[in-house]
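Dear colleague,

I am handing over the structure below, and would be grateful if you could look through it with the notes that follow.

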Amino acid sequence: EKGNHRHFMEKEIYEQPEAISHTFAHYMDFVAKTVRPVAQPIDFASIDGLKIAACGTAFLAGHIGKTWFERYARLPVEIDIASEFRYREMPMTDREAALFISQSGETADTLASLRYCKENGLKIGAIVNVQESTIAREADVVFPTLAGPEIGVASTKAFTSQLAVFASLAILAGRARNTLTLEQESEMIQAATHAPRIVGSVLHAIQPQLEELSRELSKYHNVLYLGRGTSYTLAMEGALKLKEISYIHAEAYAAGELKHGPIALIDENMPVIVIAPHDRHFDKTMSNMQEVAARGGKIIFITDEAGAAASSMKTLSTVALPNVDEFIAPLVFSIPVQLLAYHTAVFMGTDVDQPRNLAKSVTVE
Ligand code: F6R
């Protein structure tokens, strides 16, 4: 039931503090400040590569997972969209493991990719929300997301719960591979414990501003999203959410790619959503934002307080989230991206929970 929410999607957006907190609590021992040893038979210490495949939003969770595994565990990750992955005929060795991500656990291309890796002798992990699903049954180890049932076609709480699983597994792998110190591990777990509360306060703090902004956004036919690093992934997630529920055409680019083509699109009819917390990428993204501003693009700047203070550029709107640890920033920055898509769709009057042409579970190729 929707309770006092207008749509399942809205309800599920607001369930995220709980979903993230349950998921972290499953993987992390907050007292010992360690991640529980949940990965067997995948041995993170001995593998020399990880393959990841999934579809849509689940793929984007894997995209952030890749960044974390590489940064914190020095584990090389190969990632692809499942419908491409399964036909790539890439070399595989039994010194690799594979991870598949699926809310429903029934997505046809993801399942086919899993079977393909299994035939090649890889150990298989599956991050799933539906534990009785086919993908869960066929995996060697299941990493559950504890998001509860997700009804809205557009994935929200499953996505942030998938991020919580990846955050936990990256710490576990870093531990196994001796690439994280105990101190780093405990700091990351500390950051994770704060995430649900921060997500909850951000949800309430920014909702009115984003609802207002969605009125403006709904006037346009095209929207560009820009970001770097994990914010590039969130740009892709933002564009996917906006197009699937509001039917406004949206595209995401890595901010550094702007000058290699898409900058030609920029004029006063092109809103550009720039996602840039004050992190290692900030200055570079600011110079890209400057290029947009110089061409009259309408900027919606999604940043944190430090980022807002560091920029004096004229924007249509600046959304300033609290400053948070870089590790949990993708969880927190998912919120404005989801709310903007949600409110724009509500404003446009589309069927938010059941967008046209889409199904919750895609069991055909
Ligand atoms: C987008 C969305 C889809 C799914 C994709 C994979 O909001 O929900 O892109 O993420 O169809 O579905 P699962 O996770 O069930 O494999």
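I begin with E138, which touches L111, L114, R115 and K118 when residues up to four places away in sequence are not counted, a contact meaning heavy atoms within 4.5 Å. E138 lies in helix α6, residues 134–138, and its side chain is joined to that of R115 by a polar contact of 2.6 Å; such a contact is a pair of N or O atoms within 3.5 Å, where within protein one must be able to donate a hydrogen and the other to accept it, and residues adjacent in sequence count only if both atoms are side-chain atoms. Helices (H or I, at least four residues) and strands (E, at least two) are DSSP runs numbered from the N terminus.

Please bear in mind that this is a predicted model, in which local features need pLDDT of at least 70 and side-chain atom pairs count only at pLDDT 80 or more, while totals for chains, interfaces and linings use all residues. Residues are numbered from 1 along each chain as its sequence is written, and side-chain values use heavy atoms, with hydrogens and water left out.

Turning to the ligand, 13 residues surround it, the closest being S102, Q103, S104, T107 and E244, where a residue counts if one of its heavy atoms lies within 4 Å. This shell divides into four nonpolar, seven polar and two charged residues; its largest share, three residues, comes from α3, and both α3 (56–73) and α9 (230–246) supply at least two residues each.

Oxygen atoms of the ligand lie 2.6 Å from a polar side-chain atom of S102, 2.7 Å from a side-chain N or O atom of S104, and 3.2 Å from a backbone N or O atom of V153. Taken alone the ligand exposes 410 Å², of which the protein buries 89%, with accessible areas from the Shrake-Rupley method and a 1.4 Å probe.

Two backbone details also deserve a check. Most residues other than glycine have a negative phi, and most peptide bonds are trans. Q40 and P41, however, are joined by a cis peptide bond with omega of about 10 degrees, P41 being placed in the loop between β2 (34–35) and β3 (49–54). E89, which is not a glycine, has a positive phi of about 50 degrees and lies in the loop between α4 (82–85) and β5 (96–102).

With best regards

Notes
Ala, Val, Leu, Ile, Met, Phe, Trp, Tyr, Cys and Pro count as nonpolar, Asp, Glu, Lys and Arg as charged, and the others, Gly among them, as polar.
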